[in-house]
Amino acid sequence: MDHHTLQKAQCFQGNLEKIAKSTLLVRMGHCLPGTMEKTSKDGTAGVPNLQLYDVKTGACLKSFIQKKMQNWCPSWSDDEIICARNVNNEVHFFENNNFDTIANKLHLQKVNDFNLSPGSQPYKVAVYVPGSKGAPSFVRLYQYPNFAGPQAALANKSFFKADKVTMLWNKKATAVLVIASTDVDKTGASYYGEQTLHYIATNGESAVVQLPKNGPIYDVVWNSSSTEFCAVYGFMPAKATVFNLKCDPVFDFGTGPRNAAYYSPHGHILVLAGFGNLRGQMEVWDVKNYKLISKPVASDSTYFAWCPDGEHILTATCAPRLRVNNGYKIWHYTGSLLHKYDVPSNGELWQVSWQPFLDGVFPAKTIKYQAVPSEVPSEEPKVATAYRPPALRNKPVTNSKLHEEEPPQNMKPHPGSDKPLSKAALKNQRKHEAKKAAKQEARSDLAPAPVPQNSPRNTITQSASGDPEVDKKIKNLKKKLKAIEQLKEQSAAGKQLEKNQLEKIQKEKALLQELEDLELGI
C-alpha cells in the first residue's frame, strides 16, 4: 500500500468554500444583522456578500446579494456545464459559468431547497417546497430545462411532518431518497424530532419507506449500483436494513451500536459503524452474500472514508470535533490495521483525505474473509466492566441486558417458498387481524365474570336473554357491581374513600335487585 496517496490538508478557517471541482471558488461574507437586506436611497440593493472566483486567474466572475443564511450555496453539475442557485421563489440556472445571463428559471412559490442530479446530461433537479396553512410539503423532480407547464414534473411526492428535508440522488440519477424531518416530535417519543423516509423515481413512482423500528433516521446511503439502499434507524440499539427499488426489505442486519453506513466504491462491501457518541465499532459486510467479514474498532473516530481501490478504509480523529488524540488509521476491510499516525500532543489534525481517482481505475476484486497480514500491532479495545456495588462483588454475576438484540435476517424469499406479501396485502392483513382481536375482546367482555364468594347474590348466574338491549343492561350492571366490590376491598384495606365512592357502595343493593330482575325476565 502506497501511503503517499494519502493527502493531509489543513482546513481553511474562514468563509472560503470550494464548490466546483477545478474552476470556481465561492466566498460567502459575514454581514451584520440587517445589512444583507439593506437598500440604498435610490432603491438599489446594498453591498454584495456572495462572490464567485476563477481559481486559475483569481478574478471575481460575479457578485450576488444573498439574503438567506440557509441553502445559500450554489451547486454545479458534475461536468460543470450548469450552475444552479436558489433565489427567493426561483431556482436560477447558469450555463458554462456565464453568470451575467440567467439561462433558465424554475419558478415555484416558496421553494426552499434543490439538489442537482449527479452525472452528465440529461440533467435533473429535485426541488422541495415546505407545506403551509394545512397544505402538505412536496418534492418534485424535473429534467433540465423542461420546467414549463403543469405536466413538466417527472414525479411528485407530497407528505406532512416536514420542517426540512435531505434529498439523496442515486448514482444513475433515476431516483431520490427524501429524509423529511421535524424539529419537534409532537408525540413526545423523541427529543430530536421525527423523521420519515420517502422514495421518488424519475419514472413517476413514489412510496413511503416503511421502517419497522421507531426512532430517528441516522443515515441513508445508496449503493453505487443504484438498485438498493441502506438505512440506519431506530432508537438504540439501532437497526440497519437494505431495501430494493420497490422499497421492500432485502436484508435486515439486526440491531447494534451504529449510526452510519458506508458502501465501498464498487458497492460489494458495506460498513456499518457507530461513531460520535458511540465507541467506534464497525461491521464489515459482504452485501453480495450478506456475510460478516470483520468487526474492527476505531475508537474516537470523527471521519471515515473508503479508498478508491475499494479495499482500504481511512478513519481519523480530527479537530475541532475532538482536539485530543488526533491522528488517522488505515485499515484493510478484513479488519487488519495497516498504518497508524498520531499527531503530537501539541498539534491538531484538521482534515485528511484520499487522493481522488477516476471511476474504473481500480477494478473490483474477489472478497477475502481472512485478515491480511500486517506489521502494525492490533489494538485491543479496553472493555469497561460494569459497576457493582460492594454487597454484590463477591456474588456470581448475572447476565442481564437492557435491550434484546435482534440477529441479522435475510428478507429475500427462499426458492420454493411463498413470495412476500405486498404492502397493500400486509395492510389488509393487519386490518383483518385487528378486527378479529376486537371481536374476541368483545366476546370476552360478554362472558360471565366470576362473582366473589362473599357477594350476597353469589347464586346469580348470567343467561343470555335473547334481547340485545337487555344483555347490554346486564353487562353494564355487572361492571358497576365489580367496581363496587373493588371499592369495598379498598375500604377494608384501610383506604379513605371519597364521598361519591361511598355513595356508589350504598347503591349496591338496588343494583343487585335490578340485575336479578333482568336475569329472571321480570
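Biologist: Is the crossing of helix 2 and helix 4 left-handed or right-handed?

Modeller: The model is predicted. Helix 2 spans residues 468-492 and helix 4 spans residues 508-520. Their axes lie 10 Å apart. The crossing of this pair is left-handed.

Biologist: Are helix 2 and helix 4 roughly parallel or roughly antiparallel to each other?

Modeller: Two packed helices are described by the angle between their axes and the distance between the axes. For helix 2 and helix 4 the angle is about 150°. Angles over 145 degrees count as roughly antiparallel. The two helices are therefore roughly antiparallel.

Biologist: Which leucines of helix 4 meet helix 2?

Modeller: The helix 2 side of the contact includes Val 470, Ile 474, Leu 477, Leu 481 and Ile 484, and also lysines, among them Lys 473 and Lys 480. Helix 4 contributes Glu 508, Glu 514 and Glu 519.

Biologist: What is the bridge partner of His 198 in strand 17?

Modeller: Strand 16 covers residues 194-201. Strand 16 pairs with strand 17 in the antiparallel sense over three bridges. In strand 17, the partner of His 198 is Val 208.

Biologist: How many disulfides does the structure hold?

Modeller: A disulfide requires two cysteine sulfur atoms within 2.5 Å. For Cys 83, the nearest cysteine sulfur is that of Cys 73, at 8.9 Å, and Cys 83 is in no disulfide. For the structure, the number of disulfides is zero.

Biologist: Is Cys 83 buried or exposed?

Modeller: Cys 60, at 39% relative accessibility, counts as partly exposed. Buried means under 20%. Cys 83 has 2% relative accessibility, so Cys 83 counts as buried.

Biologist: What percentage of the contacts with a separation of 6 or more comes from residues 24 or more positions apart?

Modeller: The chain has four helices and 31 strands. Of its 522 residues, 36% count as buried. Among contacts with a separation of 6 or more, the share from residues 24 or more positions apart is 43%.

Conventions:
Residues numbered from 1 in each chain as written. Predicted model: local features only at pLDDT ≥ 70, side-chain atom pairs only at ≥ 80, totals over all residues. Heavy atoms only, no water. Pairing = 2+ DSSP bridges. Buried < 20%, exposed > 50% of the residue type's maximum accessible area, 1.4 Å probe, protein only. Axes fitted to C-alpha atoms, helices over the stretch in contact; angles between N-to-C directions. Parallel < 35°, antiparallel > 145°, perpendicular 65-115°, else oblique. Left-handed = near helix turned anticlockwise from the far one by under 90°. Contact = heavy atoms within 4.5 Å.
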